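Good morning, and thank you for coming.

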Amino acid sequence: MELTEELVARTRRAMHDPGPLPGLAYQSAEDYDAMVNGLLQERPTGQPVWLFAFGSLIWKPECEHLDEMRGTAYGWRRSFCFEIRRFRATPDCPGLMMSLDRGGQCQGMLYRLAEETVREQLHKLCRREITIKPANTYARWVTVDTEAGSMRAIAFVMNRKSPAYVRDPAPEHIARVLAQACGHWGSGAEYLFNTIRGLQGHGIHDRYLWRLQSLVARQIITGGAIPAHQGDHQGNSLPDPAS
């Protein structure tokens, strides 16, 4: 892999969390109750609850699980189609986050949730993945093919009606953004690196991510990323990667 830990380290900076961004409406406890109730109402009768993980839930899991297997969701693909301005970015240097967008196919991991804690686990997942209104991503049941046959699983997919949705960004643009954007959770390059390494640990190779890591590595080497000693804690010296 061309994107190495050493190159990723060049994109990380100590950042201050400015807190919730102004002008946004946030999901309430009642909203999360409605999400979880809706998912459980649509649950396949007599079947366990499986979660389809395709990104950070593989290397930074939010929930406990009893079993796991690889699976492929057809009609969905990984895409850095979600603009962010916090966590791994700042308002002055927006980033891109990966989500599931329509089209293609996506190989990921299926995790079986414990029946006795399934409602609690779904609440944790929804609160992690969905924060504002309108939701940037939403939870839905998708069909996943496995060696044991097809099954239904919960996945967090992109809301194409969200203002944060970016339709089919060019790989070169994604690479510039990931090489520069950084927030208090870390950098975009770090997120990409951890995702690829997490997938590799399960024997999954994604050509889309593999191409991106090569482009990001070259961007960092040629000066696309700001060295760690530059920029204040607000990231104000970073250029806007969307410009």
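A cis peptide bond joins K133 and P134, with an omega of about -10 degrees. F87 is not a glycine, yet its phi is positive, at about 75 degrees. As background, most residues other than glycine have a negative phi, and most peptide bonds are trans.

A word on the source. This is a predicted model, in which local features need pLDDT of at least 70 and side-chain atom pairs count only at pLDDT 80 or more, while totals for chains, interfaces and linings use all residues. Residues are numbered from 1 along each chain as its sequence is written, and side-chain values use heavy atoms, with hydrogens and water left out.

I now turn to the open spaces. Rolling a probe the size of a water molecule over the atoms shows where empty space is left. The search uses a 1 Å grid over the protein atoms alone: a cavity is a set of points where a 1.4 Å probe fits but cannot get out, a pocket is an open set with protein on both sides within 12 Å along at least five of seven lines, and lining residues have an atom within 4 Å of a point. Grid points are joined across faces, edges and corners, and a volume is the space filled by probe spheres set on the points.

The largest pocket has a volume of about 1000 Å³. Which residues lie nearest its centre? They are F82, I84, F87, T131 and N136, out of 37 lining residues. The elements that give two or more residues to this lining are α3 (56-59), β3 (67-84), β4 (95-112), α4 and β5 (132-133). By class, the lining of the largest pocket has 21 nonpolar, six polar and 10 charged residues. In this scheme Ala, Val, Leu, Ile, Met, Phe, Trp, Tyr, Cys and Pro count as nonpolar, Asp, Glu, Lys and Arg as charged, and the others, Gly among them, as polar.

The second largest pocket holds about 300 Å³ of space. Among the residues that line it are T72, R77, G104, Q107, H205 and Y208. Two or more residues come from each of β3, β4 and α7, and β4 gives the most, with four. The classes here are three nonpolar, five polar and four charged.

As for cavities, the whole structure has one of 30 Å³ or more. The largest cavity has a volume of about 40 Å³, and its lining consists of I196, L199, I204, H205, D206, L209 and W210. Helices α6 (188-200) and α7 are the elements that give two or more residues to that lining.

This brings me to the packing of helices. The axes of α6 and α7 are 10 Å apart, at an angle of about 145 degrees. Axes are lines fitted to C-alpha atoms, for helices over the stretch in contact, and angles run from 0 to 180 degrees between N-to-C directions. Is the crossing of α6 and α7 left-handed or right-handed? The crossing is left-handed, a term used if the near helix is turned anticlockwise from the far one by less than a right angle, with clockwise giving right-handed. Contact means heavy atoms within 4.5 Å. In α6, A189, L192, T195, I196, L199 and Q200 meet L209, W210, L212, Q213, V216 and I220 in α7. That contact has nine nonpolar, three polar and no charged residues.

Helix α7 (residues 207-221) also packs against helix α5 (residues 171-180), where the axes come within 8 Å and cross at roughly 55 degrees. The two helices are therefore oblique to each other; angles under 35 degrees count as roughly parallel, over 145 as roughly antiparallel, 65 to 115 as roughly perpendicular and the rest as oblique. α5 passes α7 in a right-handed crossing. Residues in this contact include I174 and L178 of α5 and L212, L215 and V216 of α7.

Finally, helix α2 (residues 29-41) and helix α4 (residues 118-129) have axes that come within 10 Å and cross at roughly 125 degrees. This crossing is right-handed.
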